[in-house]
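The terms are given with their cut-offs as they come up.

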Amino acid sequence: MTKNAPPRWDRKMQQRLARGEAAALGELYDRFASLVHSQAHRMLDDESAADLVTREVFGYVWENPNAYDPQQGSMRSWVARLTHRQSVRRLCEEDTARDGADGEGGAATPDDLEERVRRATAAARADYIVASMPAPLRAALELAYVQRRDYRQTAADLGVTEDEARRRLRLGLQLLSTAHTRPLEGSSPPGYGRQL
């Protein structure tokens, strides 16, 4: 199988959506709704806006199943890109509405909006990395950084050697560090247009 060949599930899902199978949309929603909602919520910091973005993303997928290009990546990454773009569009709309209500004195600059999007994207990416990392690494990070345990206490709590606890912490932190260094695949700067 070549690198650009999509997984079988992705191909079948696209075909089912293109045929208009409502059950396919339900299956896609069950698989990716939490990803879409959490990413949108992290970027927008608003539950109702995240709900709206989730509906808009899945509505777009339902109406445009052929917009997914298997050569550009997995269905999961496509849905994540759609969520990112729609969330950025919402941020731009909020900013424009605020500018109209506040007058020119309180207007955010494009650089301010871009920085807000960058921070929100990095935070969403960090959430995704933590959620998808192997459970042993996540458990070590939670003990060390949420419960404030040192590596010795973390090792004891996990029932592993101190060297293993340090290794897990180091690997978990290395994964998290990529949240700020890797651009989101397919991300666009503010003002990219109104289409998902």
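## Terms and basis

A crossing is left-handed if the near helix is turned anticlockwise from the far one by less than a right angle, and right-handed if clockwise. Helices (H or I, at least four residues) and strands (E, at least two) are DSSP runs, numbered from the N terminus.

The model is predicted: local features need pLDDT of at least 70, side-chain atom pairs count only at pLDDT 80 or more, and totals for chains, interfaces and linings use all residues. Residues are numbered from 1 along each chain as its sequence is written, and side-chain values use heavy atoms, with hydrogens and water left out.

## Crossing of α6 and α7

Helix α6 (residues 135-146) passes helix α7 (residues 151-158) in a right-handed crossing. Their axes, which are lines fitted to C-alpha atoms over the stretch in contact, with angles from 0 to 180 degrees between N-to-C directions, come within 9 Å and cross at roughly 130°. The two helices are therefore oblique to each other; angles under 35 degrees count as roughly parallel, over 145 as roughly antiparallel, 65 to 115 as roughly perpendicular and the rest as oblique.

In the contact (heavy atoms within 4.5 Å), A139, A140, L143 and A144 of α6 meet T154, D157 and L158 of α7.

## Crossing of α1 and α2

The axes of α1 and α2 come within 8 Å, with a crossing angle of roughly 135°. This pair is therefore also oblique, but the crossing of α1 and α2 is left-handed. On the α1 side the contact is made by W9, M13, R16 and L17, and on the α2 side by A23, A24, L25, E27, L28, R31 and F32.

R31 lies over the face of W9, at 3.9 Å from the ring centre. For this, NZ of Lys or CZ of Arg must be within 6 Å of the ring centre and within 35 degrees of the ring normal.

## Aromatic pairs

Rings of Phe, Tyr and Trp (its six-membered ring) pair if their centres lie within 6.5 Å; planes under 30 degrees apart count as stacked, over 60 as edge-to-face and the rest as tilted. By this rule there are three aromatic pairs. One of them is W9 with F32: the ring centres are 5.9 Å apart and the planes stand at 85°, so the pair is edge-to-face. W9 sits in helix α1 (residues 8-18) and F32 in helix α2 (residues 22-44), 23 residues apart. F32 counts as buried, at 3% relative accessibility; buried means under 20% relative accessible area, exposed over 50%, and partly exposed in between (1.4 Å probe, protein chains only).

The rings of Y68 and W78 have centres 5.4 Å apart and planes at 45°, so this pair is tilted. Y68 lies in the loop between α3 (47-63) and α4 (75-102), and W78 in helix α4, so the pair ties together parts that are ten residues apart in sequence. Both Y68 and W78 are buried.

## L175 in helix α8

L175 belongs to helix α8 (residues 162-181) and is partly exposed, with a relative accessible area of 34%. Leaving aside neighbours within four places in sequence, L175 is in contact with I129, M133 and L137. The C-alpha atoms of L175 and M133 are separated by 8.1 Å, although the residues are 42 apart along the chain.

## Positive phi in two loops

D45, in the loop between α2 and α3, has phi near 55°, a positive value in a residue other than glycine. D45 is exposed, with a relative accessible area of 65%.

R148, in the loop between α6 and α7, is not a glycine either and has a positive phi of about 60°. R148 counts as exposed at 68% relative accessibility.
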